[in-house]
Amino acid sequence: MSREGQAPGRSQAGPHPLGGSTDVRVGRGASMILPRDRGNPLLRYIALGVVAVVMLYPLLWLIGASFKGNAEIFTEIGVWPSRFDFTAYAKGWKTSTEYTFATYFLNSFLITVPRIIVTVISCVLVAYAFARFEFWGKKFLFSIMVGTMMLPLIILRLPQYLMFKELGWLDTYVPLILPSAFATDTFFVFMLVQFLRGIPRDMEEAAQIDGCNALQLLWHIIVPLLKPAIISVIVFQFIWTMNDFMGPLIYLSTVEKYPVSLALKMSIGATEEVEWASVIAISVVALIPSVGVFFLAQRHFIEGATSSGVKG
Amino acid sequence: MYENKRLGFLFVLPFVLGVLGFKLFPFVMSFALSFTQYDVINPPEFIGMENYKELFGADPLFRKSLGVTMLFALLAVPMRVGFALFIAHVLNFKMRGINFFRSAFYLPSILGGSIAVAVLWRFIFSQKGLVNLVLAKFGIEPISWLADEHFSMWTIVLLFTWQFGSAMVIFLAALQNVPISLYEAAEIDGASKRQQFFRITVPLITPVIFFNIIMQMVHAFQEFNGPYMITEGGPLQSTYVLALYIYDQSFRFFNLGYGAALSWVLFALVALMSGISFWSSKYWVFYSGEKEQKR
């Protein structure tokens, strides 16, 4: 492989296109080189502790509140309930509709799982092209990709709705999944490209000499090396799709097909007098998959977010 | 093989199709729609600049909504970015429990976009919710967070600020690239902690500050879930952000042409604010690669 072939990719890996130096530690196991603590450690811990309590107390309090029953919720400031009452969970799970939250969770997974699969496949392919290949219009396409990350998605909602309406796909999961099969979640492409640029090409060169073709290279060399970044993609896409509200709100109209996010909205909008205990209980349940995935994969995934330097 | 242009293009093809079909085409289409009157049932009718004329000339709700959106962004973006920078700075030391704190601060930023959190937030800020319970402990009268137009904005701004974690991890990565020797030298020269922060840390990571401001601004101008679920745009439209107005016009009242015009105004606003930031960046953003040029 010629030096010229490598040069553009390498030189772009230096300064971030948007000016950050965030891609410096893209490689695996980014080491933490931190300064020694020269300040007062006690002061630091107190400051961090206070912020952590203020930030997490609402979440903890709500978990506690979900066991408290309607009366105690509005008077008790502590986390621990005086007695554990599961009726709110039972009631919330059953919902006021003819379906239980089992249906809504299943629906959420029916959207999320296929979407993750097509996202990973399309984004890895495209990132591989951007990070390794030379082709006509590469620079232009790459800047379009970075540009679309800054494009307010809300402007596209209405025309996309009309497109899917024209195609007869309203009230199906297709509009929620199909765009991701075309690497439209450019944040992930960007993240994978940044990660790939940090990986030396020696192994690929060796495999090429051994007669691997591009797809074999991708499958046997690139994908295993990309594993931490792919895990980040899976985790992010899982949480964001579970969180997605506006998409289902626009495209789905049959209650039977609602994901968790829409069902939650219904539970609060159905009656004037909100039955807070069960709404809170079910909100807590709704957060469990995301929190679980977060804690399972947090190491990979905070690093993935850091190395790409995008998204909030 | 990597010089094989056709092969490279083959791999990038899904993205090209995706951009054309799901980004560029809708983008152009929404621009075209903004010059029409369209209610889905009847075919769109070209009306020229009428939508824009009405927007800027005869729509007080638009003006209100525009002001609310600007106010939200002006409060929420500096608070989120500022907080993220401050916490990253405090966290950027060798210490026990750093991973715990990092995760604790990061968690809200990934949950914050969910409807469940919006529901919980609405409850926390309700008349008898947690916030008022805590205030009562300090002898402060309960505040009608959701019903008083002077306070409603703060509930969604606080929700936005609460999710500072993603900006924080980006700052943390940047802070690790600031050479320790600079602090040590400053220490010897007798610089205080505050001076070290403002004279060393901040100038060296301005590119990342700039990057975070731009990205968070794009998010803030599109904020939807919070105002939709927590305050429902009210009271008295005090949290009726443009995203909500666009949604109502497009998907509730089916004034698609008007909705498209509104979303183009939002787009222009984001572009304008980004443009201003880019323009101003040459005065305050310092790229270490440019050291020799001494601008």
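The UniProt annotation "domain: ABC transmembrane type-1", from an unreviewed entry, covers residues 66–277 of chain B; UniProt positions follow the numbering used here, feature names are shortened, and annotations may be inferred rather than shown by experiment. This span is 74% helix and 0% strand, and its end C-alpha atoms lie 19 Å apart. Helices (H or I, at least four residues) and strands (E, at least two) are DSSP runs, numbered from the N terminus.

The model is predicted: local features need pLDDT of at least 70, side-chain atom pairs count only at pLDDT 80 or more, and totals for chains, interfaces and linings use all residues. Residues are numbered from 1 along each chain as its sequence is written, while chains are lettered from A and ligands numbered from 1 in the order in which they are written.

**Confidence**

- The model scores ipTM 0.85 and pTM 0.84.
- Chain B has a mean pLDDT (the predictor's confidence in each residue, from 0 to 100) of 87, and 97% of its residues reach 70 or more.
- Over residues 290–295 of chain B, pLDDT stays under 50, and the model has 1 contact beyond four places in sequence for them; two residues are in contact if their C-beta atoms, placed from the backbone, lie within 7 Å.

**Interface of chains A and B**

- Chain B brings 98 residues to the contact and chain A brings 86.
- On the side of chain B that touches chain A, helix 1 (residues 5–33) of chain B gives the most, with 20 residues.
- That side of chain B comprises 67 nonpolar, 22 polar and 9 charged residues. Ala, Val, Leu, Ile, Met, Phe, Trp, Tyr, Cys and Pro count as nonpolar, Asp, Glu, Lys and Arg as charged, and the others, Gly among them, as polar.

**Domains of chain A**

- Chain A is assigned domain 1 (39–85) and domain 2 (96–308), with bounds from an automatic or database domain assignment.
- The centres of the two domains of chain A, taken over C-alpha atoms, are separated by 32 Å.
- Their contact takes 7 residues from domain 1 of chain A and 5 residues from domain 2 of chain A.
- On the domain 1 side, helix 2 (41–65) and helix 3 (69–73) of chain A are the elements that give two or more residues.
- By class, this side of domain 1 of chain A has 4 nonpolar, 3 polar and no charged residues.

**A:Val223**

- A:Val223 is found in helix 11 (residues 214–243) of chain A.
- Leaving aside neighbours within four places in sequence, A:Val223 is in contact with A:Val124 and A:Leu218.
- A:Val124 is 99 residues from A:Val223 along the chain, and their C-alpha atoms are separated by 8.1 Å.
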